Amino acid sequence: MTTIKTTCAACGDVELSSDELTLELAPAMATGRYGFVCPFCTVTQQRPANERVVAILLAIGVAYSVSDDIVSELEIKEFVDSLDDWLGEISAA
Ligand SMILES: [Zn+2]
């Protein structure tokens, strides 16, 4: 069984096996977030997963689902950038 090291906000480093993690992916994106229940304090933790983390979690066999309600920081940045472009076009007209 592959184990992965991650961090609990309260306990610090924890080691989990692939079946103790869940992964939620944003549609059409290679990013998302993963969740796990800390084995020490039993609090559910959520962490953002970038492309590298997603690739690792999928490679070790973590179960995943696709969720519509994930808005990543990248998406927010792209939205703000496009808004800036739009405002630039408006003021230039
Ligand atoms: Zn903990």
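Colleague: How many helices and strands does the secondary structure of the chain come to?

Modeller: The chain has 2 helices and 6 strands. Helices (H or I, at least four residues) and strands (E, at least two) are DSSP runs, numbered from the N terminus. Along the sequence they follow the pattern β-β-β-β-β-α-β-α. Residues are numbered from 1 along each chain as its sequence is written. This is a predicted model, in which local features need pLDDT of at least 70 and side-chain atom pairs count only at pLDDT 80 or more, while totals for chains, interfaces and linings use all residues.

Colleague: Why is Val 14 called buried?

Modeller: A residue is buried if 20 or more other C-beta atoms lie within 10 Å of its own, exposed if 12 or fewer, and partly exposed in between, with C-beta atoms placed from the backbone. Val 14 has 20 other C-beta atoms within 10 Å and is therefore buried. Of the 93 residues of the chain, 13% count as buried.

Colleague: Where does Val 14 lie, and what is it in contact with, leaving aside neighbours within four places in sequence?

Modeller: Val 14 belongs to strand β2, residues 12–17. Two residues are in contact if their C-beta atoms, placed from the backbone, lie within 7 Å. Beyond four places in sequence, the contacts of Val 14 are Thr 6, Thr 7, Cys 8, Cys 38, Pro 39 and Phe 40. Pro 39 is 25 residues from Val 14 in sequence, with 7.7 Å between their C-alpha atoms.

Colleague: What makes a set of residues a nonpolar core, and which residues form the largest one?

Modeller: A nonpolar core is a set of buried Ala, Val, Leu, Ile, Met, Phe, Trp, Tyr and Cys residues joined through C-beta atoms within 7 Å. The largest has 10 residues: Leu 21, Leu 23, Leu 25, Ala 26, Tyr 34, Phe 36, Ala 49, Val 54, Leu 57 and Val 62. Two or more residues come from each of β3 (21–25), β4 (32–37) and α1 (51–59). The largest share, 3 residues, is that of β3.

Colleague: What makes the pairing of the 4-stranded sheet mixed?

Modeller: The open sheet has the order β5-β4-β3-β6. β4 and β5 run antiparallel, joined by 6 bridges, whereas β3 and β6 pair in the parallel sense over 4 bridges. The pairing is accordingly mixed. β5 (44–49) and β6 (63–66) are the edge strands, as each pairs on one side only.

Technical notes. Two strands pair if DSSP finds at least two bridges between them.
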